Amino acid sequence: VVVKLTDQPAWLRFAQREQAVTTVPPEGETLVAFRFDVTSDAPVGREGRIVFLITSPLREASTKEIRVVVAPPERVELVQNYPNPFNPTTMLSFQLPVPSKVTLKIFNLLGQEVATLIDEELDAGSHRRTWDASGVASGVYLSQLSVMTEHGSQKVACRSMIVIR
């Protein structure tokens, strides 16, 4: 029996697309496992479908469809920027469990704001922004994520990062 992946959402990356089963037990069922990763841009709450084509040695074919939904992250999190140290750009990533008003700002060690990367309402899920530090001096900077949910709760997270020239 051959099990072949024929359709999947673009936000799923499968390690393999096909598996052959050489022996099937007398009860007529066996487990076939496909390993996959979910990309960071997967849409939270939107349904996708995975379709497999199952072909027997006698060329009989059937399909198996699996519906998948990406769950929102469990909490607000600001991930450490990458690369760090950096010159001149770095990627800042964060996740939101619910749609929220978000600000993402960069401060120097004197507490002066040097950049605002985000000041808008964003959907639940994972988000990324690039900071180009070409216009600032070498040194330590702080990224600050401030999240205000529709229910009025506020979360603030900070990370340090180093610009090198």
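1. Two strands pair if DSSP finds at least two bridges between them. Strands themselves are DSSP runs (E, at least two residues), numbered from the N terminus, as are helices (H or I, at least four residues).

2. The model is predicted, so local features need pLDDT of at least 70 and side-chain atom pairs count only at pLDDT 80 or more, while totals for chains, interfaces and linings use all residues. Residues are numbered from 1 along each chain as its sequence is written, and side-chain values use heavy atoms, with hydrogens and water left out.

3. Strands of a sheet pair through backbone hydrogen bonds, either parallel or antiparallel. Here three strands form an open sheet in the order S7-S8-S11, with antiparallel pairing. Strand S7 (77–82) and strand S11 (125–132) stand at the edges; each has a single partner strand, so one side of each is left without a neighbour in the sheet. On average, neighbouring strands of this sheet are turned by 20° against each other, direction ignored (axes are lines fitted to C-alpha atoms, for helices over the stretch in contact, and angles run from 0 to 180 degrees between N-to-C directions). S8 and S11 run antiparallel and are joined by eight bridges.

4. Gln-95 belongs to strand S8 (residues 89–96). Is Gln-95 buried or exposed? Its relative accessibility is 19%, and therefore Gln-95 counts as buried (buried means under 20% relative accessible area, exposed over 50%, partly exposed in between, with a 1.4 Å probe and protein chains only).

5. Leaving aside residues up to four places away in sequence, Gln-95 touches Pro-73, Arg-75, Val-76, Glu-77, Gly-125 and Ser-126 (contact means heavy atoms within 4.5 Å). A polar atom of the Gln-95 side chain lies 3.3 Å from the backbone oxygen of Arg-75.

6. Two peptide bonds and one backbone angle deserve attention. Most residues other than glycine have a negative phi, and most peptide bonds are trans. A cis peptide bond joins Tyr-82 and Pro-83, with omega about -5°, and another cis bond joins Asn-84 and Pro-85, with omega about 0°. Arg-59, although not a glycine, has a positive phi of about 70°. Arg-59 is found in the loop between strand S5 (47–55) and strand S6 (61–69), and at 73% relative accessibility Arg-59 counts as exposed.

Note on methods
A polar contact is a pair of N or O atoms within 3.5 Å; within protein, one must be able to donate a hydrogen and the other to accept it, and residues adjacent in sequence count only if both atoms are side-chain atoms.
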